[in-house]
Each structure stands twice: as C-alpha cells, then as structure tokens.
Amino acid sequence: MTDHPSLTLATFAAQLDFDSIPQAVVERTVNLYVDWLGSALAGKGARPVETIARFARQAGGGAVKGGRSEVLIDRSRSTPYFAAMINGAASHFAEQDDVHNGSVFHPATVVFPVALALAQANRASGRDFIAAAVAGYEVGIRIGEFLGRSHYKVFHTTGTVGTVAAAATAGRLLGLSPTQMLDAFGSAGTQASGLWEFLRDAADSKQLHTAMAAANGLMAAQLAADGFKGATHILEGAQGMAAGMSSDADPARLVDGLGTRWATAETSFKYHAACRHTHPAADALLAVVQEHKLAPRDIAKVVAHVHQGAIDVLGAVVTPRTVHQAKFNMGTVLGLVAYHGYAGVTEFEQGFDADSIAAFRDNVEMAFDAEVDAAYPARWIGKVTVTTTDGRTFKGRVDEPKGDPGNTLSRDEIATKLHRLAAFSGAATEGEAAGLLGNAWQIAGQACVESVFGTEANATVAA
C-alpha cells in the first residue's frame, strides 16, 4: 500500500488498537485531553463562539430528546454533530490549545470535540476514546507535514487538515473498515477549508474553521459508515488536496514511521495565550529580562528574529483592534511579557491596548533569521536582540519554548492552566474544575465515557 499513501493512512487509523499504543503516548494523550478541556471551557461567553452556538441550536430544530453529547460552554446536550461544532469553536478561542510544531497544526481543537461527542453518544470506553484521539492526531499531523510550508502560507492548516483528522477520529469510534475510512477521508478532504485572510480584518473565521472541521469530519465518517463514497486519492491525487493547496507536498511524510514514530507525543502545550509564532521570542525576551533584571522602562527596542512563517501570519496585524487580533501581534505579546512576565488570557483582556503596551509594541520589530527559518517547522527557535535606553545590547535565545516536549508542562501546570481558563470565562467554579480534573485524568480507564462534569443525570438537553 506504499503506492497509495491515503489508503495506508486510512488503514492505520481504522485498525489502531489501544493496546498497540505505547503507555507513554497514552499518558501524553490524556494530558492533551485535559489541556484541551481548559481551552474549551475558556470559550464560554466569547461572542464568536456564542454566535456559532446559537446557530447550532437553531439549525438543530430545538431540543434533541435524549441527546448525550455534551456542550461544554453551557453543559447542555446535543447531537454529536452540533456538540462537536460548538466545542470545536470554543476550544480555539483563547489561543491556548496545543500545537504540533512540524505540521503547524492544532490537533486538540478538532480531534477531542469529535472524540468526546461520539464517545458520549455511543457510550464508548475510555480506551476507544484514547485510540480514536491518537488516530486523529497521527493522521492530522502527517497530513500537515505532507502539505508543507507553502500550504500554511495561505491556508489555516487546522481548518484544512483538521477536517481529515476529525474524520479519522470519528471513523475509529464508529468502527469503520479501512475502505470506509478512506471514503471518510475523501469526503472530509473535499470539504477542507480555511484561509488566513481573516486576520487582516479581525474577523471571526478562526473559530468557524475549527467548528466546521470538527463537524464536517464527523459527518464524513458517518456518511462513510452508511455507504457514502469518497475520493480514494484525496490527499495525493492529481486533483486532490496537495494539488490545489501546496507547491511543496511530500507524499512520503504521510506514512513516515507510521506505527513506530508517535507524532502525538511530539505535540506541544501552549503556555502563553497567543499565536504560537510569538512564543519563542516571548520566552527569549523573558530570559533576557530576568537575567539582566530589566524593567519595561529600561527597554528601548526589541528585535524578534523569526522564521518566514511568523512574518507571513503575524505581519498582517500592525495595530490590533481586538483582543483576538492582539494575540497575533508580536509587539503586543512581547509588551505583555515585559510588563507581566506572562501573556495570559487575563493580561490580554485587561490591557492589550493600554498606552504602555502600545508604546512597547511600537518599539518591536520582526526580522527574518536564516538559522531560525532553516530549523522551522521542526524546531521553533526563539531569538531576540534587546537594546536598552542606556545603550546596552543583550541577546536572548531559547531552543525549546515553554510547552515543547523537551520543556513540557507538568500535570500540575496543566491543572493550574485549566483552573485559570475556567475562572476566566466563568465556565466552572474552583470546586467544579477540581472535580472535572479528577474525572478527566482517569479517562483512559473509564468503562464508559460520560459527563465531563460528572452530572450525567442532571444534564439539560439542547439543540
């Protein structure tokens, strides 16, 4: 099947068994799931998320009697399709969902909404939940790597690749055969979409991308289960995804180390609540500030030495007009780090446009760096040059930003992050978040995936 990589990948996803997944990868997947829950809770109350949620309720035609799939922002119940849609949108709002460096892809926000919705609806086991999530991560990451850097320049990979990753997740939970999984890939790939143009206008499209990637991927798998046929070479075919969306696609990446290299374990957590392209420079600046005991007023200029991908994405935002747009502005992120030591959800909400942050922002510039660019996307090196008001120059560097596998978050740090995000949106009290965590850490051993909040009997029913 090496001459048909789409089929090879589909077969892997369909046949992946929990017992074949190394224990370390299972534990990492549980950590990624718990981390995702925090981001999903953080979307409560966000205008774009609530707008999508209203649409989903209206499109669902009212209450769904006996709906089992949980909508995390309001604890209502829905069909798997609409629950995945809302949870997918919610978990991509705070900009703290995970990221795989080499594929520049945020797997959790399209994989776990589908895994949770179908596992709850079908009363699947925690083992099947984990296996389905790993299938989605492994498929999505490899397709992102396959499509290459040229794809990401125009397309939001999480929206495009995420649709197929969601289909792989859903297909594994639905028990699709390899042939059916290939059909699901075909139906997912033909719907794959998501363009970066939204950043220039502070538009809401980013949440729409993940909402529809999750929902459409789930639909593609359900259609395949019912005999619906999809293109069998949707990834590498003459008129497939690579043909229309990439100029540097490498089909070998689709099956590279399949079953031996577990790309899921390579996925990074996001420490700062901003676009991941800002994190390396933010951590490098923080290192300089701490080493030389600099106050923000001591800093006259910062040059962030970056890869071309960072310039392509962040360069579109010059003067951010919204909180979300500010998370894609290098100067704003570095200003928040300089003043607060951390660019979190609260720091953005309370001061992204403060006079002090705006002044700092105007003294930050990005410069292309050949070393950083050559390492990207496999490694996201952070380099800054800081000039002080008294004429001194300091250079900072980090080779693994906080959250990368070699500089990862501990379970305590993941739990702290979830508490912070739940408190930020008001989606859960401290006690509720603690109870949720106790349940979530044990997901792999659960005989049946039920309510995230542990309130199965009291859950309300919504569209």
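## Crossing of α1 and α6

In this predicted model, helix α1 and helix α6 cross in a right-handed sense, that is, with the near helix turned clockwise from the far one by less than a right angle. The axes of α1 (residues 5-15) and α6 (residues 126-154) come within 9 Å and cross at roughly 165 degrees, the axes being lines fitted to C-alpha atoms over the stretch in contact, with angles from 0 to 180 degrees between N-to-C directions. The two helices are therefore roughly antiparallel to each other, a term for angles over 145 degrees.

L9, F12 and A13 of α1 meet A135, E138, V139, R142 and I143 of α6, where contact means heavy atoms within 4.5 Å. By class, six nonpolar and two charged residues take part in this contact of α1 with α6, and no polar ones.

## Aromatic pairs

The structure holds 13 aromatic pairs, counted when ring centres of Phe, Tyr or Trp (its six-membered ring) lie within 6.5 Å. One of them joins Y33 and F129 at 5.0 Å centre to centre, with 75 degrees between the planes, and is edge-to-face, the label for planes over 60 degrees apart. Y33 lies in helix α2 (residues 23-42) and F129 in helix α6, 96 residues apart, so that the pair links distant parts of the chain.

## Confidence and conventions

The protein chain averages a pLDDT (the predictor's confidence in each residue, from 0 to 100) of 95, and 96% of the residues score at least 70. Over residues 456-463 pLDDT stays under 50, and the model has 31 contacts beyond four places in sequence for this stretch.

Residues are numbered from 1 along each chain as its sequence is written, and side-chain values use heavy atoms, leaving out hydrogens and water. Local features need pLDDT of at least 70 and side-chain atom pairs count only at pLDDT 80 or more, whereas totals for chains, interfaces and linings use all residues.

Technical notes. Helix = DSSP H or I, 4+ residues; strand = E, 2+ residues; numbered from the N terminus. Parallel < 35°, antiparallel > 145°, perpendicular 65-115°, else oblique. Nonpolar A, V, L, I, M, F, W, Y, C, P; charged D, E, K, R; others polar. Phe/Tyr/Trp six-rings, centres within 6.5 Å; stacked < 30°, edge-to-face > 60°.
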